[in-house]
Amino acid sequence: MEDKTMEKRKGKKKKFWIAGIALIAAVALVAGLVWSRSTSQYEEVAVQTRDMSSYLEFSGNVEASETREVRSSVSAKVLEVPVEEGDTVKKGDVIAVLDSSDVEYNIEIQQAALEAAQASDYYNVRDSQRTLDQYNEALASGLNTSADTAQDSLMSAQQQYQEAVDAYNKARTDLENGDTSAVVTARQTMDSQAAAYTSAEQQHDNHMITDEALNTYWVSYSNAKESYELAVAEAQKAVDDAYDAVTEAEEALAQAERNYEATALTTEQTQENYEESLEKVQALANQESTQLQIDQLRDSLDDYTIYAPIDGVVTQLNIHEGDLLASAASTQGVAQIADLDTMKVAVKINEQDAVSVKEGDAVSVYVDALGTSYDGTITKISRTGTIENDTVYVTAEVQFEADDQVRSGYSAEITLIKEEAKDAICLPVSAISYRTDNTAYVNVRAENGKLQEQTVSLGISDGEYVQITDGLSAGDTVYLVQQTGTLVEQRMQEQQQAMENMQEEAGS
């Protein structure tokens, strides 16, 4: 019996010991979790200062900013080619000289014919002009007195008509504006009598004057009103009379014009005959067409010297001295000149970035093969977008001043700085958290040692760091929350399973 009792006591002690271990393990787990949350759940991040910039990057290939095909507009023999491939030329430099002897010969023939025709025409025009001048001198000497008298009458009628028009306009304007003196005086008298009558009515209503006195005021007002209406009628009659005077003056003017025209008809016809004769001689003497032909031939001489259309390098030369240019429409040009001082790069800009890019923006052009950067400018942006592989982009052109090392076809990287900030207060992008309303915040430690949220305002970002424009200072510390919850839960589950196993073993 004692042996069995001892065994039961030992079994109970074993269970209590196992349970105690489980309890200690649980306490250790909780303590471990508390220690883990208080020490390893946050990472300290110091607020620092650094130069910040945000930028866009594009890529493309270098090519000459301008390439011009040089062609000839005439067919002729090549006399001289003063340049070679690879030569640097300026706009206006001679590329080739062609034979222009045939054109020069035609100019000499046309010039001789022109001079002969001009000599003959000179005398014909001189004689016709002399006849016309003699006739005009005779008229000026007073040989046609009837025409002079008719002209004087016409001028007098014009003056009288203008005076009548002026008088009519003044009378009408004065009437319309109420400026006629008689009307103004009559209106003032009428207004005065009206005011007196109105005052008398008030006195009569107050039994201050008799009916007879009020009637006297009424008669005075009525007489003044009648006088005003009469003045207006007389002013209107004056306007009508002035209009009739204009009509009479207009008829007199028309008659004077007819008289003048009838008197001057014979003189004018004779004068016109002389003038027409002179015009005919002058028209026949016009050698303008011949002169135009000569000018055109002289202008064409410039086509026999071929000039460089732009500054650049002769990258291709297709003619030599002695060659015969067969046709101005030849498929092969005389030469090709490329501007290699100013190069360009065609790039594609997606639609999201295109809204912040404009012509004139400064860029950096990095030529990969040379490892060198050049200052460039966006000189052209397409007004239409292009869809490629479900992506919308616009094309743009970047120009930059190149050196002798840059070659057409080299690949280049274009960088456009959007924003810059020197000595900016910043944090890693990963240190920023956002609330549901999209406001940014960081975790800072309060005076009581507990963590709290601090709202911050953000500036530019380069993808790795972000500028803090408000809410923090250089040297501050923020606390970055670590994603350790999954590991803690896993350890808790493992510890719980271990405790259950120990309890089962203790129960058995």
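The following conversation works through a predicted model and asks what stands behind the words used to describe it.

Biologist: What makes up the protein chain in terms of helices and strands, and how much of the chain is buried?

Modeller: The protein chain of this predicted model has eight helices and 19 strands, and buried residues make up 28% of its 508 residues. Among contacts between residues at least 6 apart in sequence, 76% join residues at least 24 apart.

Biologist: How do you know what confidence the predictor has in the chain, and where is the pLDDT below 50?

Modeller: The mean pLDDT of the protein chain is 79, and 83% of the residues reach 70 or more. Over residues 1-40, however, the pLDDT is below 50, and this stretch has 21 contacts in the model beyond near neighbours in sequence. The pLDDT is also below 50 over residues 484-488, a stretch with four contacts of that kind.

Biologist: Why is the pair of Y197 and Y221 called stacked?

Modeller: The structure holds five aromatic pairs. In the case of Y197 and Y221, the ring centres are 6.3 Å apart, which is within the 6.5 Å needed for a pair, and the planes stand at 15°, which is under the 30 degrees set for stacking, so the pair counts as stacked.

Biologist: What makes this pair a tie between parts of the chain?

Modeller: Y197 belongs to helix α4, residues 181-205, while Y221 belongs to helix α5, residues 211-284, so the pair ties together parts that are 24 residues apart in sequence. Both tyrosines are buried, and Y197, W218 and Y221 form one aromatic cluster.

Biologist: What is the phi of H207, and why is H207 called buried or exposed?

Modeller: H207 is found in the loop between α4 and α5, and has a positive phi of about 60° although it is not a glycine. Most residues other than glycine have a negative phi. The relative accessible area of H207 is 74%, which is over the 50% cut-off, so H207 is called exposed.

Biologist: Where is D390, and how do you know whether D390 is buried or exposed?

Modeller: D390 sits in the loop between β11 (386-388) and β12 (391-401), and has a positive phi of about 65° although it is not a glycine. With a relative accessible area of 78%, over the cut-off of 50%, D390 is therefore exposed.

Biologist: How do you know whether F58 is buried or exposed, and which residues are in contact with F58?

Modeller: F58 is in strand β2, residues 48-70, and its relative accessible area is 7%, under the 20% limit, so F58 is buried. Apart from neighbours within four places in sequence, the contacts of F58 include V347, K348, I349 and V357, as well as A412, E413, I414 and L416. F58 and I349 are 291 residues apart in sequence and 7.1 Å apart in space, C-alpha to C-alpha.

Biologist: Why is K418 called partly exposed?

Modeller: K418 has 43% relative accessibility, which falls between the 20% and 50% cut-offs, so K418 counts as partly exposed. K418 is in strand β13, residues 411-428, and touches S54, Y55, L56 and S356, not counting residues up to four places away in sequence.

Biologist: What makes the charged end of R50 one that sits over a ring?

Modeller: The charged end of R50 sits over the ring of Y465, 4.0 Å from its centre, where the distance limit is 6 Å. The charged end of R445 likewise sits over the ring of Y479, 4.6 Å from its centre.

Biologist: How much space lies in the largest pocket, and which element gives the most to its lining?

Modeller: About 210 Å³ of space lies in the largest pocket, and β8 gives the most to the lining, with three residues. Among the lining residues are T88, G312, V313, L340, D341 and M343.

Note on methods: Residues numbered from 1 in each chain as written. Predicted model: local features only at pLDDT ≥ 70, side-chain atom pairs only at ≥ 80, totals over all residues. Heavy atoms only, no water. pLDDT = per-residue confidence, 0-100. Contact = heavy atoms within 4.5 Å. Phe/Tyr/Trp six-rings, centres within 6.5 Å; stacked < 30°, edge-to-face > 60°. Helix = DSSP H or I, 4+ residues; strand = E, 2+ residues; numbered from the N terminus. Buried < 20%, exposed > 50% of the residue type's maximum accessible area, 1.4 Å probe, protein only. Lys NZ or Arg CZ within 6 Å of the ring centre and 35° of its normal. 1 Å grid on protein atoms, 1.4 Å probe; cavity = no way out; pocket = protein on both sides within 12 Å on 5 of 7 lines; lining within 4 Å. Points joined across faces, edges and corners; volume = space filled by probe spheres on them.
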